[in-house]
Amino acid sequence: MKGDVRTNSASSSVFLFTSTKNNTNPEKIKPYTRKWETSVMDTVQELNLITKDSNSSSDRVCDVYHDVPAVFFSTGGYTGNVYHEFNDGIIPLFITSQHFNKKVVFVIVEYHDWWEMKYGDIVSQLSDYPLVDFNGDSRTHCFKEATVGLRIHDELTVNSTLMVNENQTIVDFRNVLDRAYSPRIQSLIQEETEAKETTTTSLDLKKPKLVILSRNGSSRAILNENLLVKVAEETGFSVEVLRPDKRTEMAKIYRSMNTSDVMIGVHGAAMTHFLFLKPKTVFIQIVPLGTDWAAETYYGEPAKKLGLKYVGYKITPKESSLYDEYGKDDPIIRDPDSLNDKGWEYTKKIYLQGQNVKLDLRRFRETLIRSYDFSIRRRSREEVPRLLVT
């Protein structure tokens, strides 16, 4: 919308005042990206886009005038799940707004305080202006231009050919994350130094760092996680087990991931944190039974686009807790595709909510050794330019 754009939260409307006689019919839009998913779109607040005659002076009171464009979007829908927060919200916000070079106001429909607290560091890299709570702010906000809704390209990715500023990729988005979290990370380091809380030794710094992203809850947990830690340490890694929850500060998660050489985790929303890994880092996604397509589509392919060394570790039936529960001849074990074909509810109940993993550590050790060797070689290659510069 370009021209004289005004908000009216009471009627869930955005008005465009124009002198054109042939005003277009009102349109409705739900400013959330998952347009193809009816069930969630039914829960998203709808906005009315209405053109009005510029002579309707009684409607034209401006309480707040902005001399930069606006981008309207919803933090409803699946917001609350970290995968959807990035895939449906944060990355599309970058795609839609980056060409404004921070000279843009974000107007949020279905605003949540916690969302701003969680993602404020990232938002501040995309806009120089305070957020506007569309529903909670009854004032009329006026703009010369507005984009209502966000653009989405694919799962956790940025398609450079579709960007206003071409050649921008998911790596550019990750650079935004780096700038967003760096100040807080430096503050954390300083706090630890002053408190002398750091437990990292000089020997640990020489070892490749492996982060295990541990799942909280009753499904898709690594049942022999303690033994996995032991085997990884025997392989030569310095190991950190990270158990983030909804209250964990994002900068702290970013710091752990950003300094790692290898990340391990079981398929699930927390794998979204691969975005925090530096390109060329090893990302090992443990793929439970029945989740092959989702694991590759939602995390495997996007990870490769970020430049990670992606390894999809598909478990054998005996590594699944479902094997003991159903037996080797049950279709759940023998033919997961036949169960997935019955619909999402079957997949969710059986393979996502009802399954844990007990790794065959003899088999998994091979993956660890290859990842260790790769990390050592990568470190050596990166060390050579530093030596030359020195």
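How many of the residues of strand E13 (residues 282–287) are buried? The count is 6 of 6, so E13 is mostly covered, with buried meaning under 20% relative accessible area. This is a predicted model.

E13 pairs with two strands, as set out here.

| Partner of E13 | Sense | Bridges | Residues opposite each other |
|---|---|---|---|
| E12 (residues 262–266) | parallel | 5 bridges | Met263 and Phe283 |
| E14 (residues 309–314) | parallel | 6 bridges | Val311 and Ile284 |

From E13 the chain passes through helix H8 (residues 292–305) and on to E14. This β-α-β crossover is right-handed.

Ser371 sits in helix H13 (residues 361–389). Is Ser371 buried or exposed? Its relative accessibility is 4%, so Ser371 counts as buried. Leaving out residues up to four places away in sequence, Ser371 touches Phe237, Val262, Val282 and Ile284.

Asn81 caps the N-terminal end of H2. A side-chain oxygen of Asn81 lies 2.9 Å from the backbone nitrogen of Tyr83.

H2 packs on helix H4 (residues 170–195) at an angle of about 90°, with the axes 10 Å apart. That angle makes H2 roughly perpendicular to H4, because 65 to 115 degrees counts as such. From H2, the contact uses Phe86, Ile90, Ile91 and Phe94. From H4, it uses Ile170, Asp172, Phe173, Val176 and Leu177.

Tyr119 lies in helix H3 (residues 113–123). Its relative accessible area is 0%, so Tyr119 is buried. Which residues does Tyr119 contact, leaving aside neighbours within four places in sequence? They are Val82, Glu85, Phe86, Ile90 and Met250. Phe86 and Ile90 also take part in the contact between H2 and H4. Tyr119 and Gly77 are 42 residues apart in sequence. Their C-alpha atoms are 17 Å apart in space.

Conventions. Residues are numbered from 1 along each chain as its sequence is written. This is a predicted model: local features need pLDDT of at least 70, side-chain atom pairs count only at pLDDT 80 or more; totals for chains, interfaces and linings use all residues. Side-chain values use heavy atoms; hydrogens and water are left out. A polar contact is a pair of N or O atoms within 3.5 Å; within protein, one must be able to donate a hydrogen and the other to accept it, and residues adjacent in sequence count only if both atoms are side-chain atoms. Helices (H or I, at least four residues) and strands (E, at least two) are DSSP runs, numbered from the N terminus. Buried means under 20% relative accessible area, exposed over 50%, partly exposed in between (1.4 Å probe, protein chains only). Two strands pair if DSSP finds at least two bridges between them. A crossover is right-handed if, with the strands pointing away from the viewer, the path from the first strand over the helix to the second runs clockwise. Axes are lines fitted to C-alpha atoms, for helices over the stretch in contact, and angles run from 0 to 180 degrees between N-to-C directions. Angles under 35 degrees count as roughly parallel, over 145 as roughly antiparallel, 65 to 115 as roughly perpendicular and the rest as oblique. Contact means heavy atoms within 4.5 Å.
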